[in-house]
Amino acid sequence: MTLVGQCYGNDKLKVGFYNGKCGAHNIEEFIFKVVQQKIREDPDIVSDLIRLSFHDCFVRGCDASILLEGKHTEQMARVNKRLGGIEDVGEIKKVVEKVCPGVVSCTDVLVIAARAAVFLGGGKWYEVETGRRDGRVSLSKEAEAILPPPTIPVRKAIQLFAKKGLNKRDFVVLLGGHSAGTTHCHSFKKRLYNFHGTHKPDPTISSSLLEVLRNTCPLNSQSDEEAFLDQTPNSHFKMDNAYYKQIVAHNGTLEIDQNMAISPLTKGIVKGLAKSPYQFLNEFGPAMVKVARIGVLTGHHGEIRKTCGSVN
């Protein structure tokens, strides 16, 4: 199922769409400052906003459907359990509405905020296209069917990304978003104790990381603690290539991260990114721009929500 074809007038997206539409306010700069303050208070917001953007765009396209609240919305899907950043985007939107009511979509707030997060996390600045509108539908069953679990095989993941108009290199670069932030035990616990029904740990995980993660996520514990996605000291919330170095050394927290480093389909790209500190930084922004073009609503399609959690 491809959602790239659902794009209604993608040519209407453009850099600086809101220029002159919010009086004297530069809305992108305005959002940047709000995100900056949020990251000062909680550095994990860097990864939250990047991941939230991905989870939104991969289901119905980039339409802020992930932000809609309700019993059967995407937020309720198991794959979105404990997904961060939703409240933050809602709060940013409220502030934006005070200075520029009814103009900036929740979708664009998320895209602009994610770019700010990348930059503030140490990534390179990149221009974002804007002019998206918000969708009116959000279904948990669609998220369950489309969003990849952390156990997805590399070949299937590449095929999924291809359906969204993203190539194999985009896939490897975008997973570099895991260079910042944390994940919860439920996302990788089976790797530690009962890998694919073997009652043994995943043989690809290093013994040192296995010990660390088992201490964080004990076998019989019901708590869903957090673990760093990038095991590099002092790099847990930074956008850099240390993540690739770690997965080459068999220190990948998630199964997909580790498999990407050993799969014949992707290990060459991973090793290249691990060697060059600049390659990842140069490529991550353009890959995010490609993600943000998936299935967008423009023109008269969709709406500009007043609040991100509900349709108008």
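Helices in this predicted model are DSSP runs of H or I with at least four residues, numbered from the N terminus. On that basis, Gly 61 is placed in the loop between α2 and α3, the latter spanning 86-99. The relative accessibility of Gly 61 is 0%, and Gly 61 is therefore buried, the cut-off being under 20% relative accessible area.

Gly 61 is among the positions that an unreviewed UniProt entry annotates as "binding site", together with Asp 56, Val 59, Asp 63, Ser 65 and Glu 74. These positions are spread over 19 residues of sequence, yet they cluster in space, with a largest C-alpha distance of 12.5 Å.

Asp 56, another of the annotated positions, belongs to helix α2, which covers residues 45-60. Its relative accessible area is 1%, so Asp 56 is likewise classed as buried. When neighbours within four places in sequence are set aside, the contacts of Asp 56 include Gly 61, Asp 63 and Ser 65, which also carry the UniProt annotation.

A polar atom of the Gln 231 side chain lies 2.6 Å from the backbone oxygen of Phe 228. The side chain of Gln 231 is also joined to that of Thr 253 by a polar contact of 3.0 Å. Apart from neighbours within four places in sequence, Gln 231 is in contact with Leu 209, His 236, Gln 246, Asn 251 and Thr 253.

Notes: Residues numbered from 1 in each chain as written. Predicted model: local features only at pLDDT ≥ 70, side-chain atom pairs only at ≥ 80, totals over all residues. Heavy atoms only, no water. UniProt positions renumbered as here; feature names shortened; annotations may be inferred. Helix = DSSP H or I, 4+ residues; strand = E, 2+ residues; numbered from the N terminus. Buried < 20%, exposed > 50% of the residue type's maximum accessible area, 1.4 Å probe, protein only. Contact = heavy atoms within 4.5 Å. Polar contact = N/O pair within 3.5 Å; in protein donor to acceptor, adjacent residues only side chain to side chain.
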